Amino acid sequence: MDPILTLRGVSAAYDGTPALTGIDLDIPERQITAIIGPSGCGKSTLLRCMDGLLLEEPDTSVSGDIRLDGTDIRSLRREDLRRRVGLVFQTPTPFPFSIYRNLTYAPQYYGIRDKKALDALVRETLETVGLYDEVKDDLQKSARKLSGGQQQRLCIARALTARPEVLLLDEPCSALDVKSIQVIESLLLRLREQYTIVIVTHNLAQARRIADQVVFLNDGRLVETGDGPSFFAAPQQEEARAFLSGEFG
Ligand SMILES: Nc1ncnc2c1ncn2[C@@H]1O[C@H](COP(=O)(O)OP(=O)(O)O)[C@@H](O)[C@H]1O
Ligand SMILES: [Mg+2]
């Protein structure tokens, strides 16, 4: 399968201090790629290279080649890149508006004005994340009144309203209880049929449950990539073996 995102020789540094070095990575379309590794190894930095956020930050340098569907992301208009690559953060971050407004914010920004079209999009994205039945009578209620797990699903729905090609998630489950984690995991497995998903997780069991591809980083380097089952059954690199056996992390 063709990769939708490719990184070649990507390095990143904050104020001259390297955070990533020489990353070569392909993100296959319509699969779940899980990025794992010890705290501070560069997982979030790698994710923020993929959506171009890091390219815009002052005091941060990014070098190397990053392509979305073959196009250098530096040559894409920022709004287009933002629309094509969605990002969901660790802590659910609904806007302090109603549920409805959270979901119509991006589409209106991108020019959809028709009320019926907006209503349909709200319903569709809420159904996709399995939230519609839970909130259909409360669409005008503040999104901040939802439970943590509901807020995180709303944030995923909000990312989907822009109809992205790639969905990036940075430890989306770390603030959630076990039940909400299960709901999000089955949601991601369903979304994989339509979207390319890259998830950073510190939860190895989660990576084992949902990842098609695993990327193991350590100290800013990409140590090993492999398909989920083979990586977990038989990691090739000593560092990866040590990490999986809990020797560091
Ligand atoms: N905004 C920033 N400014 C300076 N250093 C940063 C910044 N963000 C991350 N770093 C540093 O870059 C390295 C990688 O961080 P990060 O990508 O957040 O790792 P991870 O997500 O794997 O925990 C760490 O050493 C971290 O301290
Ligand atoms: Mg991080």
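Analyst: One definition is needed at the start: rings of Phe, Tyr and Trp form a pair if their centres lie within 6.5 Å. Please also keep in mind that this is a predicted model.

User: Okay, so which residues do ring pairs link into a cluster?
Analyst: The cluster consists of Phe-95, Phe-97 and Tyr-105, joined by ring pairs. The count of aromatic pairs comes to 7.

User: What about Phe-95 and Tyr-105: how far apart are the centres of their rings, and at what angle are the planes?
Analyst: The ring centres of Phe-95 and Tyr-105 are 5.1 Å apart, and the planes are at 55 degrees, so this pair is tilted.

User: How does Phe-95 count at 28% relative accessibility, and why?
Analyst: Phe-95 counts as partly exposed because its 28% relative accessibility falls between the limits of 20% for buried and 50% for exposed. Tyr-105, at 39%, also counts as partly exposed.

User: Which charged end sits over the ring of Phe-95?
Analyst: That of Arg-158, 4.0 Å from the centre of the Phe-95 ring. The ring of Phe-97 has the charged end of Arg-101 over it, 5.8 Å from the ring centre.

User: New topic: what is the volume of the largest pocket?
Analyst: The volume of the largest pocket is about 600 Å³. Its lining has 22 residues, and Phe-95 and Arg-158 are among those nearest the centre, together with Arg-82, Leu-87 and Ala-106.

User: What sort of residues are in the lining, and which elements supply them?
Analyst: The lining of the largest pocket has 14 nonpolar, 6 charged and 2 polar residues. At least two residues come from each of helix H2 (78-84), strand S6 (85-88), helix H3 (99-109) and helix H6 (148-160).

User: Last one: in what sense do S1 and S2 pair?
Analyst: Strand S1 (residues 3-14) and strand S2 (residues 17-28) pair in the antiparallel sense, over 8 bridges. In this pairing, Pro-3 stands opposite Pro-28. S1 and S2 form a hairpin with 2 residues between them, and Asp-15 in the turn has a positive phi of about 50 degrees.

User: How many bridges join S1 to S4?
Analyst: S1 and S4 (residues 60-68) are joined by 8 bridges and run antiparallel; Leu-5 has Leu-68 as its bridge partner in S4.

Methods
Residues are numbered from 1 along each chain as its sequence is written. Chains are lettered from A and ligands numbered from 1 in the order in which they are written. This is a predicted model: local features need pLDDT of at least 70, side-chain atom pairs count only at pLDDT 80 or more; totals for chains, interfaces and linings use all residues. Side-chain values use heavy atoms; hydrogens and water are left out. On a 1 Å grid over the protein atoms alone, a cavity is a set of points where a 1.4 Å probe fits but cannot get out, and a pocket is an open set with protein on both sides within 12 Å along at least five of seven lines; lining residues have an atom within 4 Å of a point. Grid points are joined across faces, edges and corners, and a volume is the space filled by probe spheres set on the points. Helices (H or I, at least four residues) and strands (E, at least two) are DSSP runs, numbered from the N terminus. Ala, Val, Leu, Ile, Met, Phe, Trp, Tyr, Cys and Pro count as nonpolar, Asp, Glu, Lys and Arg as charged, and the others, Gly among them, as polar. Rings of Phe, Tyr and Trp (its six-membered ring) pair if their centres lie within 6.5 Å; planes under 30 degrees apart count as stacked, over 60 as edge-to-face and the rest as tilted. Buried means under 20% relative accessible area, exposed over 50%, partly exposed in between (1.4 Å probe, protein chains only). A charge sits over a ring if NZ of Lys or CZ of Arg is within 6 Å of the ring centre and within 35 degrees of the ring normal. Two strands pair if DSSP finds at least two bridges between them.
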